[in-house]
Amino acid sequence: MIYFDNVSKLYNGGSPAIEGVTFQVAPQEFVSVVGHSGAGKTTLLKLLIVEDKPSDGNVFFESVNVHSIPRGQLPQYRRKIGTIFQDFKLLSHKTAFENVAFAMEANGRSDEEIAENVPQALELVDLGDKLMSFPHELSGGEKQRVAIARAIVNQPDIIIADEPTGNLDPIATYEVVQILQKINDLGTTVIMTTHNKGVIDALERRVITMDEGKIIRDDASGKYVL
Amino acid sequence: MWTGFKRIARSGFVGFWRNAYVSLAAIFVMTVTLFVFTSVLLLGQLLDASLTQIRDKVDINVYLVPTAQEEDILHLQTALESLPDVREVAYTSREEALAAFEEKHQDDELTIQALEELGDNPLGASLAVRAKETSQYESIDTFLRERQQEEDPENALIDRVNFFENKSAIDKLTSIIDAVEQSSYIAMLILIAATVLITFNTIRLAIYTTREEISIMRLVGAGNMFIRGPFILQGVMYGLIAGVLALLIMYPIVLWLGPGTQSFFQFSIFTYYITHFGSLFGIIVGVGIVLGAVSSAFAIARYLKV
């Protein structure tokens, strides 16, 4: 489904952020990418959602080279991917409902679908009672759950979560990982970066370990080893 | 299509309302700039009116001998009117000249008495010639002098032409009018350029505060038009509200200035404001809307490159 083919990324003048990275992700897999800060985890995800271009190599999504997609068609491609960030990236002037609805509106979905699916998605992340709250009225864990609801509401093929628990306390972390697991069980591919050892060890799913821009381990049912 | 438009409109209105401080700041700056723009427009009208007035006061008078026959005078009038530089020729007959003289000196008994002593009307008829441009008086004067030279001295028609008495005044006025017109155009251009730049930068700042949100919108897969639309709508709203405010603020000012301008320029700025309100509204609000929309579109283009 996703194939990184010998991908390298050099930022201006510095050492490579990632170097010669090759791996595949199969449909419905749950893959964790672990490594220290600066190991290249986030760069990997940025390349996948075409926020950045590789210096060398190709990234394929369902056999399409994503960096050859014309700029005008990028929004359509990005709608196939639900993204979750460490800093939530919610629209601060929109309520929880509107934040989730925005992703559907951008996708051209009808008002009826929005009225039906948005509460469902927020219900799924246990925020059915916070529909009209603005981000500043929510806790960190709640914000992240709104972001998850936004990521899944369009039923994407794949969910990308970049350090989703980085800003959360242990209980919120546990909840977020539970939700991601549930989403994966329902058939959506999940790629998550993290450096939370507890999360990885509890998941018992595939773990890709990165160090200094290179993949140093790829275990089918891995532990956090660094 | 309709759904998209509806969503853009709703998102624009909601964004305008929830970013109330930013909206207020943008409207405030645009109101000030549009107010300046309106002032420039009205000042231009005032200047135009006063220049037209001054031009109308300039003429050359052809004084005719008292014995001149009306037939000959009318003949000369027709000849003058056929000149391309001449705008109009006003004929004042001997009787009208006398009536005007009497009225002018009605409080001056000595002069009236002297006039009565004379018994006969001592005044000649005259032709007041107005040129299309003040610079054209010289050629009209040349025409009249040639005509005067050709006349039979025994039976002259033209007594004198007062061009040379007025010449220096006319020359001075011509150069003043030219200078004022040119400098007012330059001032207007500078002010308009400043208005455009200030508005553009204000809106750019307003959008700068939301650049993070724009990148989020792109990352969740929103298309360019879907992101840009609400901001352009907000720019249009800034322009619309600022235009209306600028015109409202202008009202008491022109009301206050009306009598003063009427007595000084014989042109009431208040009357002009009221009678031309429709077109003023169209221009000011239109300029505001276009400025707001174009500035937004330009400002946001920067952040759509993620």
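The following legends describe close-up views of a predicted model.

**View 1. The four-stranded open sheet of chain A.** Four strands of chain A are arranged in the order S2-S1-S4-S5, and their pairing is antiparallel. The edge positions are taken by strand S2 (16-25) and strand S5 (64-65) of chain A; each has a single partner strand, so one side of each is left without a neighbour in the sheet. Within the sheet, strand S1 (residues 2-10) of chain A runs antiparallel to strand S4 (residues 56-61) of chain A, and five bridges join the two. At one point of S4(A), Asp56(A) stands opposite Ser8(A).

**View 2**

View 3. Four bridges link strand S3 (residues 30-34) and strand S9 (residues 206-211) of chain A in the parallel sense. Val33(A) has Ile208(A) as its bridge partner in S9(A).

View 4. In soluble globular proteins, nonpolar side chains tend to be buried together. The largest nonpolar core of the model has 108 residues, and those with the most contacts inside it are Val100(A), Val118(A), Ile148(A), Ala149(A), Ile159(A) and Ile160(A). Helix H9 (residues 224-265) of chain B gives the most to this core, namely 12 residues. Apart from this core lies another, of 14 residues, which include Val62(B), Ala131(B), Ile140(B) and Val161(B).

**View 5. The surroundings of Ile148(A).** When neighbours within four places in sequence are left aside, Ile148(A) is in contact with Ile84(A), Val125(A), Val176(A) and Ile179(A).

**View 6. The contact between chains A and B.** Here 17 residues of chain A are in contact with 14 residues of chain B. On the side of chain A that touches chain B, helix H2 (74-78) and helix H3 (96-106) of chain A each supply at least two residues. H3(A) gives the most to this side, with four residues. The residues of this side of chain A comprise six nonpolar, four polar and seven charged.

Note on methods. Residues are numbered from 1 along each chain as its sequence is written. Chains are lettered from A and ligands numbered from 1 in the order in which they are written. This is a predicted model: local features need pLDDT of at least 70, side-chain atom pairs count only at pLDDT 80 or more; totals for chains, interfaces and linings use all residues. A nonpolar core is a set of buried Ala, Val, Leu, Ile, Met, Phe, Trp, Tyr and Cys residues joined through C-beta atoms within 7 Å. A residue is buried if 20 or more other C-beta atoms lie within 10 Å of its own, exposed if 12 or fewer, and partly exposed in between; C-beta atoms are placed from the backbone. Two residues are in contact if their C-beta atoms, placed from the backbone, lie within 7 Å. Two strands pair if DSSP finds at least two bridges between them. Ala, Val, Leu, Ile, Met, Phe, Trp, Tyr, Cys and Pro count as nonpolar, Asp, Glu, Lys and Arg as charged, and the others, Gly among them, as polar.
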